[in-house]
Amino acid sequence: MSLVDETGASAVPGRSLPRRLLRFGFLAVALAFGVWAVARQWDAVVAGFARLSWPALAGSLVAVVAALLGAMLTWRTLLADLGSPLQLRPAAKVFFVGQLGKYIPGAVWPVLAQMEMGRDLGVPRPRSAAAFFLMMPVQIASGLLVTLVTLGWDRFGWVLLFIPLLLVLLEPKVINGVIGFGLRKLGRDPLERPLTRRGMLTALGWALAGWAAYGVHFYFIAPQGGLLFAVGAFALSWCLGIVTFVVPAGAGVREVAMVAVLAPVLDSAAAIAVALSSRIVIVLGDLICAGLAGIASRRDSV
């Protein structure tokens, strides 16, 4: 018996050859850009890693994997609240493999990949897109809150200016209205199940857990300012990287912001090495999560 989603498209595992080739092509291109992100700055990466111990690198990578898991659970919570609950392993595959698209120039590849893979699991494409784009305000709001709490009111009190706007943007009634308006303009049916306040708060909780794990990752690489400083410094630089849609995965922007935030505790050369080391550890974390999720999902289908 075949499964059919709301769009009338087949959701069975048996896919046509062109679609399978398209997916393999996407994965190959995404992996190539991920490798290129490491190779193009290899000398600087080696110099940055040379100042770190293997235990520090291992701890940093483990923390990154935990942070990425927090991001996946944030997305999965939003998707479930919108009406498409997924088991953990299929959700991990859709999210982590789709996220490899952020290394391809252009902002559309992750969401297109998640929409396509989610479609095979019976998730309507508009719902996948809504969950993807809701991740951004959730991550920015929680990241700025973490920045304010960990880096201090005296230096980053200006973040308070954004809090009222972010609270409005995170209000489910406002979000549902914006999504409904966008779907009407695109000639799509409205979402069958609106976002709830409970779902949004749960997603924010997972996002905060992710920031804590990212902070631990950064502390392993740059312990000079302490753990709280590492959490806030990374959250702030990541938020600035998120808002640069055109640059692949915020490449460059996050590093510049990171060097500026690290100025009180590190000189510019050391800060650049830290920023590049952090970038490479995160790339490795993305590749590991995508690989493990793909293997686990494949075992389920056997």
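Two residues are in contact when heavy atoms of theirs lie within 4.5 Å. S278 belongs to helix α13, residues 268-301. Its relative accessible area is 1%, so S278 is buried; buried means under 20% relative accessible area, exposed over 50%, and partly exposed in between, with a 1.4 Å probe and protein chains only.

The model is predicted, so local features need pLDDT of at least 70 and side-chain atom pairs count only at pLDDT 80 or more, while totals for chains, interfaces and linings use all residues. Residues are numbered from 1 along each chain as its sequence is written, and side-chain values use heavy atoms, with hydrogens and water left out.

Now consider the whole chain. The chain has 13 helices and zero strands; helices (H or I, at least four residues) and strands (E, at least two) are DSSP runs, numbered from the N terminus. Of its 302 residues, 49% count as buried. Among contacts in the chain with a separation of 6 or more, 73% are between residues 24 or more positions apart. The chain exposes about 14700 Å², and carbon and sulfur atoms supply 71% of that area. Accessible areas come from the Shrake-Rupley method with a 1.4 Å probe, and for residues only the protein chains shown count as cover.

Just after α3, G83 takes a positive phi of about 120°.

Aromatic side chains come next. A pair of aromatic rings is described by the distance of the centres and the angle of the planes. Rings of Phe, Tyr and Trp (its six-membered ring) pair if their centres lie within 6.5 Å; planes under 30 degrees apart count as stacked, over 60 as edge-to-face and the rest as tilted. A search of the whole structure finds nine aromatic pairs. One of them is W75 with F95, a tilted pair at 5.6 Å centre to centre and 40° between the planes. W75 lies in helix α3 and F95 in helix α4 (residues 88-99), so this pair ties together parts 20 residues apart in sequence. Both W75 and F95 are buried.

W211 and W238 form an edge-to-face pair, with 6.4 Å centre to centre and 80° between the planes. This pair links distant parts of the chain, since W211 is in helix α10 and W238 in helix α11, 27 residues apart. W211 counts as buried at 3% relative accessibility, and W238 does so at 9%. W211 and W238 also belong to one aromatic cluster with Y214, F218 and F234.

T147 and F234 are 87 residues apart in sequence and 8.6 Å apart in space, C-alpha to C-alpha. T147 is found in helix α6, residues 125-151, and is buried, with a relative accessible area of 0%.

Finally, L227 lies in helix α11, residues 227-242. L227 is partly exposed because its relative accessible area is 43%.
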